[in-house]
Amino acid sequence: MNVRSLATVLLLVVALVLSTLGVATAHEERESLFPDQGAPVPTYREFDANAPHLVVCKPGESEERIARIGDPKLRAFNRRLLAACEFEHIQAAVDAVTERGTNIYVLPGVYREEPSVEAPCAQEYDGGVVEYEQQVACGEVVNLVTVAGDDPADEDRACTDEPLCNLQIEGTGADPGDTLLQGGFGTDGDWRKHNGMKADRADGFYLRNMAFELVRENAIYVHETDGYVLDRVVARYNDLYGILTFASDHGVIKDCETHHNGDSGVYPGSAADVNADSTETGPLDRWAVEISGCDTHHNALGFSGTAGNSVYFHDNLVHHNAAGYVTDSFVPNHPGMPQDHAWLENNRIYSNNVNFYENVQEGGPCQAERPADVGYEDGVVCPAFPVPVGTGVMFAGGNYNFVHDNHIYDNWRQGVMLFWVPAALRDDFNPANQYETSHGNHMTGNTMGMHPDGYVQPNGVDFWWDSEGEGNCWEDNPSTGSEDGTATTNAPHLSTSPTGLPDCEGGGSVFTPSDPIKSASLVPCAAYDRNDNPSPTGCDWMDSPSEPAGREEAPDDQQAAPGAPGAPVAAPDDTAGGGLPATGGPVALFGLLGLGLMGGATRLRRRPAAS
Amino acid sequence: MSDMLVRTDADRDARAADGRDTRWELPETPRARRRRTGIRGVVAGAALGAVVAAAALALPPVDVVQAGPLHFDADATHLMLERFDERGVYSLRYVHGDRAEVLVPVRNDGWLPTTVTGISLDGRPAPMIDPVGAPGTPVELAPGEEATLTVEVRFDNCEYYTERAMDVYRDVTVTTRTAGVDVSTRVRLDNDLVVRSPMMTTCPDRVSDRGAFLRGG
């Protein structure tokens, strides 16, 4: 054998697999700043014929849908509005607003906003950053409906006395799904728009009782806005986010439903960092956004937020996602880094074990060349972000987060995951800042591994921690995962407390650097990319975790075992049936859950590839 | 099928050489040909394996170059994250269009003098750290001798990445000439090198429908 042959053999022996690419939930946008005008959370305005208002309807279609409304009073109200209808498209009504505090009533129908899709001013858009001035001049470049409140001619970024301040847009059907804003696909099979409805510097914006679907990025988008409410909205079947708010303050998101989104259902990214100077862990006196009564399910991430600061998240259902509640400090150019002061209380975070990553593998539906061929409208989810399937809550580099009095169960990998993210990964190369995350996080009073009706449904482990950080503590979290009822953990050796985790009474953890063995999976998993590296070498996050021993089946999960694809709440054009019940609220959501899961099983039988 | 109709290649060749007419002979059946080829392959493979195994055991490595810890020139913002991942990683800041130098210490662990003719980072197609040259090569290395090689890189191609992306580099390819023979060897770095994709605001060519290229569009 000559030297070349031998060298070739040796070369083969030492050949290694190359892998590449990417991480962390995030959001592309122009340079953004927190609002500082201190605007209040707007309040809902009941109908007043004497108040400025405009009516939007679909000729013919709205009349038919109104006729199907069961409630005679609501039907009569809609008919009265129909008689006053002047606009066929929502954007046309927004453009016609002349007085601040106007109400826009959108009658039942499917709104595709054709003039926005075909807007001449959007034809030359090259896909780059859209500055605020361009949002005002031609928001159609990326949005189906644009509400740009601030006058760019003035120096502030606030909506003060401009006509679109305090705008209220309300669907008038019995359910959110009765009034649907739909993106969809063009004749070339590509997405028609990036965003559904965007409120940009639109202080006092109130959106109510509508559904949004099928856009490339964000179905509902609130940006640099002070004071906003998203009330009884549904956001579904989008490639990235259902509801996204960014660099905004004084927000309320309530009684929403988000499902089948490729990134997350609800994303309050870079929420105003109103507790940045506080080293106290919740409960909070002041928050940037309050999210309650929402049902977020069958998304890659039920909730996420890069720099999701001062988020008050309570009384929500987070279930049947790949991961439930995720917040991170991974990405550069997000104001308010690192993430801090989320407050999670009285939520049910469970059964987040659905493995959507099968959809992005070779031959999977997400590898279709044209978005129109993927099957988004049938519930196909293409995860844009790597998460460990089977995780209830994940704090990827956050401080002073308070997880209290939640039911966290049936998440087959881990209930709550907490780990450090070095600052360099968000473009901060100051050596002094590298260990600035994962401090002061408290997890107390949560019920782990137990269905509220008493069924034993353990998490894989209750708490996963990489051992990094100061002042982190775990206390009074009873669990079904161990014989003595204490919470289970990946780090039983770290403390003399019963759980092995530092308790709060003793001041929490003393600073130690991250355990590199525990963080060994982070870099390989960061290489995930749904397009060209869906199974990164050395990463097991995309593997379905096995069912924990001793799990009992509860009546409300019989029809859709974790891992089963979920069902759409309403078909895209079935605007009569979808969305939240008229009563709304968390109680109704709990009841709706069973029906949704039953539908999920039906879908599973019909089309296994979709999820 | 009769044995009389089966002819080996040697028989056929011999008859052809004798000028005998072979037109009416039946050709060898595919099954027989596969069997014969398979037996030959097994024998040849076993022999080759034995030779390779013997050579690998008997000879010292001919052309192995080992890499040491990376260094970077003063213009490249970087940081070693020792406790992130088991091996620790170097994080390098992406500045679109800038050039930087990655310095790679290497040692000739072979038993012959070698000439390093080139070195390059191994990345994916359209890498964010794009190797554009290896100034200073070629370099002569005696057995056991060390040298620090330079890979000149340019930060590029962010347009093909999402805002979530992190490009990871784990190997360099070192090209050498030893005793007149050219060899390329992929060498595992001591620590991974990572670079995070910039956001759209600092990536001048990125468009909102990013990902289409990678999907094959």
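What share of the 217 residues in chain B is buried? In this predicted model, buried residues make up 35% of that chain.

Chain A can be approached through its sheet, in which ten strands are paired in the parallel sense and lie in the order β4-β7-β9-β11-β14-β17-β20-β24-β28-β31. The sheet is open, and its edge strands are β4 (143–148) and β31 (461–465), each of which pairs on one side only. Neighbouring strands of this sheet are turned by 10 degrees against each other on average, if direction is ignored. To see one pairing in detail, the reader may look at β9 (residues 218–223) and β11 (residues 241–246) of chain A, which are joined over five bridges; in one of the pairings between residues, A:V222 has A:T245 in β11 as its bridge partner.

In soluble globular proteins, nonpolar side chains tend to be buried together. Here the largest nonpolar core has 184 residues, and those with the most contacts inside it are A:I220, A:I243 and A:V387. Strand β10 (residues 226–238) of chain A supplies the largest share of this core, namely seven residues. Apart from its neighbours within four places in sequence, A:I220 touches several residues, including A:L207, A:F212, A:L230, A:V233 and A:I243.

Some details of the backbone also deserve attention. Most residues other than glycine have a negative phi, and most peptide bonds are trans. A:L214, in the loop between β8 (205–213) and β9 of chain A, has a positive phi near 60 degrees, and this residue is buried because 25 other C-beta atoms lie within 10 Å. A:H320, in the loop between β19 (317–319) and β20, has a phi near 55 degrees, and it too is buried, with 30 other C-beta atoms within 10 Å. A cis peptide bond joins A:G282 and A:P283, with omega at about 5 degrees, and another joins A:M337 and A:P338, with omega at about -10 degrees.

Finally, confidence should be kept in mind: chain A averages a pLDDT of 86, and 85% of its residues score at least 70, yet pLDDT stays under 50 over residues 1–25 and over residues 558–611 of chain A.

Terms used
Residues numbered from 1 in each chain as written. Chains lettered and ligands numbered in written order. Predicted model: local features only at pLDDT ≥ 70, side-chain atom pairs only at ≥ 80, totals over all residues. Pairing = 2+ DSSP bridges. Helix = DSSP H or I, 4+ residues; strand = E, 2+ residues; numbered from the N terminus. Axes fitted to C-alpha atoms, helices over the stretch in contact; angles between N-to-C directions. Core = buried A, V, L, I, M, F, W, Y, C linked by C-beta atoms within 7 Å. Buried ≥ 20, exposed ≤ 12 C-beta atoms within 10 Å, placed from the backbone. Contact = placed C-beta atoms within 7 Å. pLDDT = per-residue confidence, 0-100.
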